[in-house]
Amino acid sequence: MSEVSQRQKKIRNFSIIAHIDHGKSTLADRLLEYTGTLSKREMSEQVLDKMDLERERGITIKAQAVRLEYKAEDGEVYELNLIDTPGHVDFTYEVSRSLAACEGALLVVDAAQGIEAQTLANVYLALEHNLEIIPVINKIDLPNADPDRVKKEIEDVIGLDASDAILASAKDGTGIKDILEAIVKKIPAPKGSEDESLKALIFDSHFDPYKGVIAYFRIVSGRIYPGMKIQLMATNKQFEVNEIGVFRPHMVLVDELRAGEVGFLAAGIKNVKNCRVGDTITDAERPAEEPLPGYKKITPMVYCGLYPVETNDYDLLRDALEKLELNDASLVYEPETSVALGFGFRCGFLGLLHMEIVQERLEREYGLSLIATAPSVIYEVLKKDGEKLRIDNPVKLPPVQEIEAIYEPYVEANIMTPSNFVGAVMELCQEKRGEFKNMEYLSENRVVLIYHMPLSEIIYDFFDKLKSRTKGYASLDYQFLEYRASNLVKMDILLNGEPVDALSSIVHKDKAFYRGRALVEKLRSIIPRQLFEIPIQAAIGSKVIARETVKALRKDVLAKCYGGDITRKRKLLEKQKEGKKKMKQVGSVEIPQEAFMAVLKIE
Amino acid sequence: MEEKLGLYIHIPFCVSKCNYCDFNSYPLEQNKVEKYLAALQLEMASYREILEYNMKKIDTVYIGGGTPTCLAGKHLAYLFDYCLSLLPRKPGGEFSLEANPGTLDRAKIKLLKKAGVNRISMGLQAWQDRLLKGLGRIHDLDEFIDSYFLLKEEGFTNINVDLMFGLPGQTMDDWAESLTKLVELNPQHISVYSLKLEEGTELFNLFQQGKVGLPSEDVEIEMYDYALDFLTEKGYKQYEISNFSLPGYECQHNLIYWEHQQYLGLGAGAHSYFNGYRYSNYNSINDYIFHLERGRLPIETKEAINLQRRIEDTIILGLRLNKGIDLKELAEETGEDLILLYDEKLERLKKRGLIQFNGKNLSLTRKGLLLSNQVFLEFIC
């Protein structure tokens with residue numbers, strides 16, 4: 001790489017790595033405030049988290065970039081680009097691209113809680129990209145803050161020198177100036193010649209209804225300006241740049257951006273799928289020979305069916321998914337039909353959180369009432385005739401006699417836990433078909449356990465269980481490992497003798513009996529009594545492995561109904577009717593929505 | 001159907017509240033009673049004008065509560081002579097009053113008789129003193145029997161007695177005894193209600209805390225079935241889900257509700273259905289008095305009943321009656337093709353054995369009585 005130019009000497013590109021709740025957003029706010037990028041008055045709390053959902057869940061989903069101008073102690077004014085990163089395992093790839101756009105990162109650790117698994121995973125990612133890491137111990141104002149212990153943990157666990165870790169409290173503003181000075185002094189300035197061909201890394205994008213896709217990028221070499229013809233190297237699509245600009249944090253247009261800088265562009269790109277995170281933007285007239293490393297086409301890990309409660313809302317659901325997709329390149333969907341639920345969509349997500357977010361957005365922003373089927377991973381099936389299938393829906397599994405082998409995705413799970421819960425965590429991992437790989441004491445009382453386990457077990461209820469068995473202290477990170485052959489079978493559920501396709505699941509044979517038992521019991525408690533008796537059966541093939549019965553409703557009557565009761569009793573009936581309407585009629589049985597997720601919630 | 005108008009008057013006072021009761025009632029205070037009656041008089045005067053303007057007269061009167069008979073004689077006299085007398089009534093109509101066995105004496109009964117009350121409704125609830133105690137009733141069995149014979153002696157020939165089943169600690173034998181013994185007294189009318197735990201009542205809380213147990217649903221159903229068979233055998237005809245009478249003694253006032261005729265409700269918390277509106281008075285005695293003293297009707301909620309709603313309510317209420325409802329007549333009256341509208345639903349309900357059709361009227365089957373809400377739901381939009 002070339003020399004750092006005079007201009008680049010005053011640029012610093014950095015991210016913040018932090019666990020959920022460790023105060024990243026508040027810290028970002030303080031940095032904006034301190035540098036005058038936004039006045040206190042302008043700041044609605046936590047500027048970087050845009051969506052309501054993110055704020056509610058305290059999780060950053062969409063990465064963003066903000067340019068700060070900081071007059072340092074040396075008297076120079078520096079351009080600091082803060083590239084925000086998502087903080088959840090579902091979005092690991094997005095994090096890696098954001099980190100690849102930086103030269104350094106602030107590692108923010110809660111002074112009371114210490115390092116968590118997700119933080120660790122992201123620090124390793126940052127180290128892989130040779131980022132300069134500045135440890136910040138946040139929330140030192142807390143009464144139970146123990147910065148010395150956290151410092152030691154940073155040194156022991158990550159192997160970073162934490163002797164000059166900055167002690168901060170984003171809440172009361174302590175240490176903000178020290179952080180800004182450390183960014184200027186420690187993080188290297190970007191390199192890269194502005195005369196070479198353009199190479200810019202896309203680390204995020206969003207869809208604007210007027211301008212099309214807004215791509216967020218970091219220029220590694222070359223320059224970019226409005227009117228320029230660009231090419232996206234992974235998709236080979238060409239566009240003409242309409243405008244470019246920077247976030248301060250509002251969008252401000254500029255005439256040109258050069259190597260080392262961070263900004264956005266609009267080029268009349270109609271679909272985020274043409275502008276993928278990790279892709280390289282180059283000059284269409286003078287293309288770079290090689291794209292930047294690290295691009296991956298990310299594929300969904302978890303699938304579920306989404307169906308409108310009201311059959312008539314199918315078109316609304318399709319429109320809503322089309323709109324969401326504009327903003328979310330990792331969401332995939334295709335139409336599917338279920339005997340039980342009618343017309344809907346099979347949707348693919350990066351993980352469970354991503355799935356929940358999409359569902360909630362569909363319900364909240366588009367006013368839809370949805371039924372979600374239990375999530376499933378993708379199984380690979382080798383048929384006896386040699387054909388290979390990818391199964392994203394249990395219903396699509398071929399008949400047993402045609403199957404040679406079924407393969408399921410395994411992940412490597414890193415679980416960080418206080419050492420007194422090691423036994424409980426190991427027991428849980430065993431229950432979940434985990435294969436023990438390694439255990440390491442990070443400090444006297446913190447342990448990281450490494451297991452290989454089926455992804456299906458993780459999406460089942462692993463995380464909830466992990467949290468409950470460790471009183472909320474354990475944290476989890478995982479990544480895809482490989483497909484492995486497993487002894488799997490399809491378990492069907494029959495209501496009133498009729499199979500309900502949307503309740504089918506693929507389970508490990510050794511667990512089928514137990515799961516079947518638990519599921520029919522759960523369904524019995526969820527399905528309300530109706531005018532006739534409803535047998536609930538779990539079956540593998542034609543063999544029934546568990547059975548429960550919802551007894552017929554015998555009494556549903558209001559004994560007294562006189563003049564003063566009519567309005568009140570009618571309201572009760574209306575409420576009852578409302579509840580009935582929310583249920584899905586399958587054959588003659590009315591099934592509440594939550595029944596379709598019951599597969600997940602059984603004990 | 002001949003148009004009728006009922007009048008309900010609410011007396012929101014009780015000696016003490018029963019532990020299952022969530023009705024609008026207050027402890028008895030003389031000073032409050034007088035203010036309340038004065039307000040009631042104002043409300044009567046307003047309705048006198050309304051009725052005269054509409055050229056309408058009252059068919060039936062029903063005074064309920066609370067406990068109307070807990071009022072002192074002079075207050076009852078005031079109610080009859082200075083309040084009720086203001087409203088135009090058709091002669092010879094049913095005039096019911098709710099009485100609590102613990103609050104009746106001969107003088108009071110004479111006064112009721114003189115005022116023209118011709119039907120008494122008494123809450124007995126159970127024949128067993130231990131069950132009465134468990135409900136927080138102020139009377140025991142003996143007091144009920146005394147009151148009952150006093151009423152008969154003074155010439156009351158139309159008496160209703162309420163019984164309840166599904167009570168805490170009640171057995172099937174208790175229930176059979178209650179019915180048998182009551183029928184021996186030969187009242188003209190019997191109402192049987194299943195106890196419903198209402199949120200916020202003392203009994204509800206006791207149940208929540210596990211301090212009282214209730215009979216299972218199966219036992220409750222058995223009790224209801226038993227009552228149906230037993231009372232029918234003894235000559236009482238069921239004419240509504242919870243109501244039985246000797247022939248010709250159906251409660252005319254209550255029939256007005258179920259036939260979806262008009263009624264006026266006066267007093268705190270009372271409900272009316274009049275001129276296309278359902279509305280209700282303020283529950284609180286103070287609010288009720290406050291508004292009347294300032295020359296306003298004390299109406300708290302008001303709802304217009306459109307045609308669709310009227311049809312639905314007419315069906316839902318009408319189906320409570322054993323005679324059921326004449327859908328063709330209702331269709332002609334409303335100009336809506338109800339058969340077409342409900343055809344599919346009717347078929348489904350018929351197939352499930354919940355309703356029946358005798359060529360003229362649609363009604364609940366015996367199975368449908370206990371599942372009536374499931375039937376009503378089909379008629380709600």
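Across the interface of chain A and chain B, 18 residue pairs are in polar contact, both residues of each pair being at pLDDT 80 or more; a polar contact is here a pair of N or O atoms within 3.5 Å, of which, within protein, one must be able to donate a hydrogen and the other to accept it, while residues adjacent in sequence count only if both atoms are side-chain atoms. The side of chain A that touches chain B is made up of 10 nonpolar, 5 polar and 11 charged residues, where Ala, Val, Leu, Ile, Met, Phe, Trp, Tyr, Cys and Pro count as nonpolar, Asp, Glu, Lys and Arg as charged, and the others, Gly among them, as polar. The model is predicted, so that local features need pLDDT of at least 70 and side-chain atom pairs count only at pLDDT 80 or more, whereas totals for chains, interfaces and linings use all residues. Residues are numbered from 1 along each chain as its sequence is written, chains are lettered from A and ligands numbered from 1 in the order in which they are written, and side-chain values use heavy atoms, with hydrogens and water left out.

The contact (heavy atoms within 4.5 Å) draws 26 residues from chain A and 37 residues from chain B. Between them the two chains bury about 3300 Å², 54% of it on carbon and sulfur atoms, buried area being the accessible area (1.4 Å probe) that two parts lose on being put together, summed over both. The interface also holds 6 salt bridges, each defined as a side-chain nitrogen of Lys or Arg within 4 Å of a carboxyl oxygen of Asp or Glu. In one of these, Lys555(A) is joined to Glu220(B), with the closest N and O atoms 3.0 Å apart.

Within chain A, 6 strands form an open sheet of mixed pairing in the order β2-β3-β1-β4-β5-β6; strands (E, at least two residues) and helices (H or I, at least four) are DSSP runs numbered from the N terminus, and two strands pair if DSSP finds at least two bridges between them. The edge strands are β2 (65-71) and β6 (166-167) of chain A, each pairing on one side only. β2(A) runs antiparallel to β3 (residues 77-83) of chain A over 7 bridges, and Tyr70(A) has Tyr78(A) in β3(A) as its bridge partner. The loop between β2 and β3 of chain A contains Glu73(A), whose side chain meets that of Lys185(A) in a salt bridge (3.7 Å, N to O); Lys185(A) lies in helix α6 of chain A, 112 residues apart from Glu73(A).

A further open sheet of chain A has 8 strands in the order β11-β10-β16-β7-β8-β15-β12-β13, with antiparallel pairing. β11 (237-240) and β13 (251-254) of chain A each have a single partner strand, so one side of each is left without a neighbour in the sheet.
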